[in-house]
Amino acid sequence: QLVLTIGKKTAGPQASMEEQALAGCKKLCPGGWSDVVVVSGVPETIRGLSIKEIAGIENQEPIKCYLKIMKKYPDATACYLNQCCVTDIEKVLKAKDSLVGSDGHLYSSGEEGHHPRSFGTFSRFFRLCREEKWMSEENAIKKMTSQPAKRFKIDSRGLIKNGYKADLCLFDAKIFCDQASFESLNNIAEG
């Protein structure tokens, strides 16, 4: 949907849906249709594949394939746009004032997720801090707890302190890591 929304602004509202999708992909995706990955609301046979890969399987042009998927699964198709590089993400996350949060959704057991961030944001950040030595465990935890609570003025949260609400997550810092991926969206963290 984002590809079409941006495409409409770029190509103009009078442009065809195909022209809008092409313009949106060009503006958003440096790698073209390889960067647009279908992550939910579609059969497992194509979930986690890029539009380019699906087009190859179906022997279609990527734009035709994209529009077909959008038409067939209009309410449930979610696409991932691979726009950031790891070094940029690392710089942002290592910045003193940056916070770690997620706009992922909660899902009940057995319900299909829409993005691995719903089950893996915090565990992935912690794992990267540990493995890549981005920062201490203590600073990583602060970026996910007390710093966001302070920044967003959420009283009685973010610290283990008398009188505060106790939202605790216990984990083994040596093995805590993400397991969710675009192929397995609902895999809970290990450790």
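Tutor: Start with the patch rule. A patch joins residues that have over 30% relative accessible area and no salt bridge: like charges within 9 Å, nonpolar side chains (Val, Leu, Ile, Met, Phe, Trp, Tyr) within 5 Å. Accessible areas come from the Shrake-Rupley method with a 1.4 Å probe, and for residues only the protein chains shown count as cover. A salt bridge is a side-chain nitrogen of Lys or Arg within 4 Å of a carboxyl oxygen of Asp or Glu. The model is predicted, with local features needing pLDDT of at least 70, side-chain atom pairs counting only at pLDDT 80 or more, and totals for chains, interfaces and linings using all residues. Residues are numbered from 1 along each chain as its sequence is written, and side-chain values use heavy atoms, with hydrogens and water left out.

Student: Which residues form the nonpolar patch on the surface?

Tutor: Ile-160, Leu-168 and Leu-170, with about 430 Å² of accessible area together. Leu-168 lies in the segment after α8 (146-151).

Student: What is the accessible surface of the protein?

Tutor: About 12,300 Å², with 54% of that belonging to carbon and sulfur atoms. Of the 191 residues, 36% count as buried.

Student: What are the elements, from the N terminus on?

Tutor: They run α-α-β-α-α-β-α-α-α-α. That makes eight helices and two strands. Both kinds are DSSP runs numbered from the N terminus: helices are H or I with at least four residues, strands E with at least two.

Student: What makes a group of residues a nonpolar core?

Tutor: The members are buried Ala, Val, Leu, Ile, Met, Phe, Trp, Tyr and Cys residues, joined through side-chain atoms within 4.5 Å. The largest core here has 18 residues, and Trp-33, Ile-51, Tyr-66 and Ile-69 have the most contacts inside it. At least two residues of this core come from each of α2 (17-28), β1 (36-40), α3 (51-58) and α4 (62-72). Helix α4 gives the most, with six. Another core, of twelve residues, lies apart from it and includes Leu-93, Phe-126, Leu-128 and Trp-134.

Student: Why is the pair Lys-68 and Glu-58 called a salt bridge?

Tutor: The closest N and O atoms are 3.1 Å apart, and the rule asks for within 4 Å. Lys-68 sits in helix α4 and Glu-58 in helix α3, so the pair ties together parts that are ten residues apart in sequence.

Student: Are these two residues buried, partly exposed or exposed, and what makes them so?

Tutor: Lys-68 has 39% relative accessibility, so it counts as partly exposed. Glu-58, at 33%, is partly exposed too.

Student: How many salt bridges are there by this rule?

Tutor: Six. One of them pairs Asp-178 with Arg-127, at 2.6 Å from N to O. Here distant parts of the chain are linked: Asp-178 in the segment after α8 and Arg-127 in helix α6, 51 residues apart. Both residues are buried. They also belong to a network of salt bridges that links Arg-124, Arg-127, Glu-131 and Asp-178.

Student: What makes Asp-167 and Arg-157 a salt bridge?

Tutor: Their N to O distance is 2.1 Å, against a limit of 4 Å. Asp-167 counts as exposed at 57%, whereas Arg-157 is partly exposed at 31%.

Student: What does Arg-117 touch, leaving out residues up to four places away in sequence?

Tutor: Ser-102, Asp-103 and Gly-104. Contact means heavy atoms within 4.5 Å. The C-alpha atoms of Arg-117 and Ser-102 are separated by 6.8 Å, although these residues are 15 apart along the chain. Arg-117 lies in helix α6 (residues 117-132) and is partly exposed at 32%.

Student: What share of contacts with a separation of 6 or more comes from residues 24 or more positions apart?

Tutor: They account for 51% of those contacts.

Student: Why are Cys-129 and Cys-177 classed as they are for accessibility?

Tutor: Cys-129 has a relative accessible area of 3%, so it is buried. Cys-177, at 13%, counts as buried too.

Technical notes. Buried < 20%, exposed > 50% of the residue type's maximum accessible area, 1.4 Å probe, protein only.
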